Amino acid sequence: MATTKTTDIAIPGDADLPVLPLRDVVVFPHMVIPLFVGRPRSIKALEAAMNGRKSILLAAQKDATQEVPTPQDIYQIGTLASILQLLKMPDGTVKVLVEGEQRARIVQFTHRQDDDEAGFTCVAELVDEAHIPSRETDVLVRAVTAEFEKYVKLSAKIPPEVVTALGGLDNPGRIGDTVAAHLNLRNEAKQKILELLGAEERLEHILGVMDSEIDLLRVEKRIRARVKNQMEKSQREYYLNEQMKAIQKELGDMDDAPNEVDELARKIADSGMSEEARGKAEGELKKLKMMSPMSAEASVVRNYIDWLLAAPWKKHSRISKDLSKAQQILDHDHYGLEKVKDRIVEYLAVQQRVKKSKAAILCLVGPPGVGKTSLGRSIARATNRKFLRMALGGVRDEAEIRGHRRTYIGSMPGKIIQNLAKGKTRNPLFMLDEVDKMSMDFRGDPSSALLEVLDPEQNHTFGDHYLEVDYDLSDIMFVATANTLNIPSPLLDRMEVIRISGYTEEEKCEIATRYLLPKQRANNGLKESEVSLSEAAIKEIIASWTREAGVRSLEREIAKIFRKVVKALLLNKKMRKVAVSPNRLEKYLGVKPYHRNSIKQQNKVGQVTGLAWTEAGGELLTIETVVMPGKGKHLYTGKLGNVMQESITAAISVVRSHSVQWGINAEFHQKQDVHVHVPEGATPKDGPSAGVGMCIAIISALTGIPVWSNVAMTGEITLRGEVLKIGGLKEKLLAAHRAGLKTVLIPQENAGELQEVPQKIRRELDIKPVKWIDEAIEWALESAPTAAMAAPEAEKAHAKNRREKKRESDANVTAH
């Protein structure tokens with residue numbers, strides 16, 4: 001039902017009515033608004049209007065970006081306005097104040113189309129509205145006024161005085177235009193309202209638009225309240241970012257730009273995770289979407305997703321299978337160590353034949369300074385794997401391996417996953433350094449946690465407590481290092497043990513020439529032409545200033561020499577080169593702490609040279625025994641362990657059971673005290689391998705027969721006098737060779753291990769495998785004791801020994 005009658009009336013006297021195209025605004029009738037005009041055509045139109053009746057037609061452009069519009073770019077319905085004020089600005093633009101009067105329709109443009117400078121003119125007609133009052137119109141006016149009041153209260157951009165002014169209007173069309181002019185709408189929406197000529201139709205449309213705008217304002221108010229409550233004072237600079245997140249949360253993904261959640265979803269899809277891990281990650285991502293960004297739980301979930309993404313799921317290093325190149329790299333980086341090199345080359349050979357083979361799990365066992373850790377780096381380089389290292393010395397918490405559960409504050413994955421995330425590849429060489437130095441306490445046993453890591457049958461489903469999903473470790477090549485085999489048996493069973501013994505003097509000399517000298521020259525800023533260290537000098541340093549299985553002390557001594565050389569070159573500018581010879585070493589290194597032939601040259605009664613094995617390699621062990629009149633007491637000194645004390649007890653029982661055969665008084669255990677001492681009393685000593693040496697020392701002391709000073713021995717003794725197998729044979733033989741000994745007695749059962757001893761050592765040492773203590777006596781004592789030696793003869797031998805000691809003492813006094 002129509003309450004408005006519309007008629008078209010031509011504008012009298014305006015055949016060429018100026019037209020002003022508007023780009024960013026729609027002007028309604030009875031609306032007063034300032035306009036800034038800068039386009040030449042628009043300025044010409046204003047000037048034409050000012051020269052006439054000061055009337056102008058304001059029509060909006062269809063495309064606001066159009067700089068030079070054509071008649072087709074301008075809407076046909078506009079507003080006839082009068083110019084209230086016009087002001088020309090210094091920059092050439094014009095500021096004009098206009099007041100809309102009535103709607104008008106452009107009938108025809110009349111300006112010259114070929115004149116780019118001429119302003120727009122047209123023939124227009126007024127669109128007259130004849131209002132017919134009706135009850136429906138009054139209801140619409142009340143509804144629009146009430147909704148507009150709500151809109152003004154929600155919007156902070158409209159002054160309340162507008163509502164008061166609206167109440168003084170009685171024309172429904174003017175009321176609708178006033179409300180439309182203050183709504184925050186796009187130009188297209190406002191133009192649509194302008195083109196609605198009927199007041200009732202226009203009011204209905206405005207009512208619907210306001211309902212939608214009020215809903216948006218309420219949502220915006222709710223968003224602002226939530227954002228304000230979430231933010232603290234220290235986070236005000238993040239206001240805009242947080243408001244954007246809240247808008248996305250309230251209205252959904254209205255923006256096409258990817259947000260943080262979308263980026264995480266993309267990374268999860270591209271990560272190559274297992275099905276289990278992907279399901280877990282996507283589930284956590286859904287939880288993250290529903291959480292407040294500022295909540296503590298959101299940061300926990302975000303960290304978990306980040307760790308899942310940081311773990312390498314599909315990125316591999318391309319394994320090098322070139323055997324000759326790998327052999328060259330290993331030979332270049334390390335001298336000797338042939339057994340380890342052969343094992344690595346064998347592994348690469350298998351890789352060429354088998355597409356998917358289980359990675360090797362090696363354990364390099366040897367004394368400090370022999371190059372175990374650096375060998376791991378070389379293996380990584382030879383196989384083209386990334387090198388990752390985890391130091392296990394002092395680790396006593398299971399969570400270091402498996403990680404903490406997410407219920408704990410600050411929980412993280414274990415070091416295995418952390419190192420893999422840092423290395424960004426799933427098939428590196430992973431070195432477990434000092435695996436024998438782990439311990440355990442109330443927090444768990446890390447060595448037990450390593451059982452799954454180092455088991456090829458299980459580590460493809462390794463479970464980290466933090467990740468809570470299975471991770472495949474089967475592509476990793478694990479290399480463990482240890483100084484001793486003091487490793488739990490189940491863990492040791494999972495590794496292939498490769499022993500790295502100490503170096504010979506020649507090997508140390510070669511290592512110093514190839515690696516240590518160039519390295520220390522570079523570290524101390526020396527050129528090769530400024531210093532020279534002869535081979536003889538290097539051998540002298542090895543013999544007299546170091547006593548080790550590896551080369552760390554040797555490197556320190558070389559560094560000490562080079563530091564002094566640098567100092568000498570800087571103090572004496574005329575000096576060009578320093579040649580370090582053996583006779584000048586004491587000037588640089590001080591007094592010799594060791595002597596090549598440290599074993600006494602004179603044969604002694606009751607003094608035996610034994611051989612021991614420590615973490616630092618082989619060592620000499622001097623065993624001293626004296627027999628004194630007494631009541632059969634047995635004294636042990638030298639900080640001896642229980643096993644070594646038991647070896648002494650067993651040796652005494654062997655001597656007692658063979659006393660008649662060896663010409664020893666059968667009642668010596670009742671009338672004589674036996675004192676066994678091992679020098680360097682501050683150093684703890686233990687183990688059964690000194691049993692033969694203890695027995696020989698006691699026999700020598702009871703019979704008075706001296707022991708050859710250039711003979712060393714090792715072996716466990718039984719009550720029947722049998723010599724049993726011992727460990728660390730190669731290290732012990734190297735120690736004997738370093739000390740300048742000539743003969744070494746070893747157990748017969750160890751004879752098969754001599755193949756691992758360098759040929760030079762075997763050639764220069766007279767190695768005697770023995771099965772029984774009688775065989776050891778033949779090689780160790782100057783003369784074999786016999787049953788014919790009665791007590792007087794034994795006493796005479798003791799008296800002779802005392803006289804020799806007195807003569808030696810008198811000779812020393814005379815010399816001094």
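Guide: Let's start with a word we'll need: a residue is buried when its relative accessible area is under 20%, exposed when it is over 50%, and partly exposed in between (1.4 Å probe, protein chains only). By that rule, buried residues make up 48% of the 816 residues in this chain. The model is predicted, so local features need a pLDDT of at least 70 and side-chain atom pairs count only at pLDDT 80 or more, while totals for chains, interfaces and linings use all residues. Residues are numbered from 1 along each chain as its sequence is written, and side-chain values use heavy atoms, with hydrogens and water left out.

Visitor: How many helices and strands does the chain have?

Guide: There are 28 helices and 25 strands. Both are DSSP runs numbered from the N terminus: helices are H or I with at least four residues, strands are E with at least two.

Visitor: What is the accessible surface of the chain?

Guide: About 41500 Å², and carbon and sulfur atoms hold 51% of that. The method is Shrake-Rupley with a 1.4 Å probe, and for residues only the protein chains shown count as cover.

Visitor: Why is V608 called buried?

Guide: Its relative accessible area is 0%, and 0% is under the 20% limit, so V608 is buried. V608 sits in strand β17 (residues 607-614). Beyond its neighbours within four places in sequence, V608 is in contact (heavy atoms within 4.5 Å) with residues including L621, I623, I696 and M713. The C-alpha atoms of V608 and N710 are 9.6 Å apart, although 102 residues separate the two along the chain.

Visitor: And E147, a charged residue: what makes E147 count as buried?

Guide: Here the relative accessible area is 14%, which is under 20%, so E147 is buried as well. E147 belongs to helix α2 (residues 135-154) and, leaving aside neighbours within four places, has contacts with L207, M210, D211 and I214.

Visitor: How do you know whether R318 is buried or exposed?

Guide: R318 has 73% relative accessible area, and that is over 50%, so R318 is exposed. You'll find R318 in the loop between α10 (296-310) and α11. T383 is 65 residues away along the chain, yet the two C-alpha atoms are separated by 8.8 Å.

Visitor: What makes α8 roughly parallel to α10?

Guide: The axes of α8 (residues 260-270) and α10 cross at roughly 30°, and 30° is under 35, so the pair is roughly parallel. The crossing is left-handed: the near helix is turned anticlockwise from the far one by less than a right angle, while clockwise would be right-handed. E260, L264, K267 and I268 of α8 meet R302, I305, D306 and L309 of α10. That contact has four nonpolar, no polar and four charged residues.

Visitor: How are α8 and α9 set relative to each other?

Guide: They pack at about 175°, with axes 10 Å apart, and 175° is over 145, so α8 and α9 are roughly antiparallel.

Visitor: What is the phi of K424?

Guide: K424 has a positive phi of about 60° although it is not a glycine. Most residues other than glycine have a negative phi. K424 lies in the loop between α15 (415-423) and β10 (429-433), and its 52% relative accessibility is over 50%, so K424 counts as exposed. K639, also not a glycine, has a positive phi of about 55°.

Key. Axes fitted to C-alpha atoms, helices over the stretch in contact; angles between N-to-C directions. Parallel < 35°, antiparallel > 145°, perpendicular 65-115°, else oblique. Nonpolar A, V, L, I, M, F, W, Y, C, P; charged D, E, K, R; others polar.
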